[in-house]
Amino acid sequence: MVETDAPVDNNGKGERFSPTDLVSSALGSCMLTIMGITARNHGWNIDGTKVSILKIMGTEPRRITGINVEMTMPEGHGLGEKERTILERAALTCPVAKSLHPDIVQDVKFNW
């Protein structure tokens, strides 16, 4: 069970994640999951990779206008440019990324 709440600025208590928080988190977790699958299939280790999410809300209508995703790879990953490109493409084509409306700006940064 997942409990949600509206933010304080939208008539909620702000005590739980909002539905738009979950959408934004889904993008980052989907990207990382697809990267993990890709890495495993190639025999690469990306254990310890971290993802940070920043959701940007707009008004009139109230909606997500952007999601900033920052992937930070662990030190000593040993991946070259070719491997990095494969992993980045995998992340950028994850199902959630392809499901979001094209008006939602997906700003993705990879820290190698």
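Modeller: Trp112 is partly exposed, with a relative accessible area of 26%. The cut-offs are these: buried is under 20% relative accessible area, exposed is over 50%, and partly exposed lies in between, with a 1.4 Å probe and protein chains only. This is a predicted model, so local features need pLDDT of at least 70 and side-chain atom pairs count only at pLDDT 80 or more, while totals for chains, interfaces and linings use all residues. Residues are numbered from 1 along each chain as its sequence is written, and side-chain values use heavy atoms, with hydrogens and water left out.

Now the ring of Trp112. Rings of Phe, Tyr and Trp (its six-membered ring) pair if their centres lie within 6.5 Å; planes under 30 degrees apart count as stacked, over 60 as edge-to-face and the rest as tilted. That rule gives a count of 1 aromatic pair. The pair is Phe110 with Trp112, and it is stacked: 6.4 Å centre to centre, with 20 degrees between the planes. Phe110 counts as buried, at 17% relative accessibility.

Strand β3 covers residues 105-111, and Asp107 is found there. Helices (H or I, at least four residues) and strands (E, at least two) are DSSP runs, numbered from the N terminus. Asp107 is partly exposed, at 44% relative accessibility. Contact here means heavy atoms within 4.5 Å. Leaving out residues up to four places away in sequence, Asp107 touches Ile67, Asn68 and Val69. Its C-alpha atom is 26 Å from that of Asp5, 102 residues apart along the chain.

Strand β2 (residues 63-72) holds Arg63. Arg63 is partly exposed, with a relative accessible area of 34%. Beyond its neighbours within four places in sequence, Arg63 is in contact with Ile56, Met57, Gly58 and Asp103. The C-alpha atoms of Arg63 and Gly43 are separated by 40 Å, for 20 residues along the chain.

Next, the loop. Pro61 has its place between β1 (50-58) and β2. The peptide bond from Glu60 to Pro61 is cis, with omega near 0 degrees. Glu60 lies in the loop between β1 and β2. Its phi is near 50 degrees, a positive value in a residue other than glycine. Glu60 counts as exposed, at 78% relative accessibility. Asn11 also has a positive phi, about 70 degrees, although it is not a glycine. Asn11 is found in the segment before α1. Asn11 is exposed, with a relative accessible area of 78%.

That leaves the helices. Two packed helices are described by the angle between their axes and the distance between the axes. Axes are lines fitted to C-alpha atoms, for helices over the stretch in contact, and angles run from 0 to 180 degrees between N-to-C directions. Helix α1 (residues 19-42) packs with helix α2 (residues 81-92) at an angle of about 140 degrees, their axes 8 Å apart. So α1 is oblique to α2; angles under 35 degrees count as roughly parallel, over 145 as roughly antiparallel, 65 to 115 as roughly perpendicular and the rest as oblique. From α1, the contact takes in Met31, Ile34, Met35, Thr38, Ala39 and His42; from α2, Ile86, Leu87, Ala90, Ala91 and Leu92. These residues divide into 9 nonpolar, 2 polar and no charged. Ala, Val, Leu, Ile, Met, Phe, Trp, Tyr, Cys and Pro count as nonpolar, Asp, Glu, Lys and Arg as charged, and the others, Gly among them, as polar.
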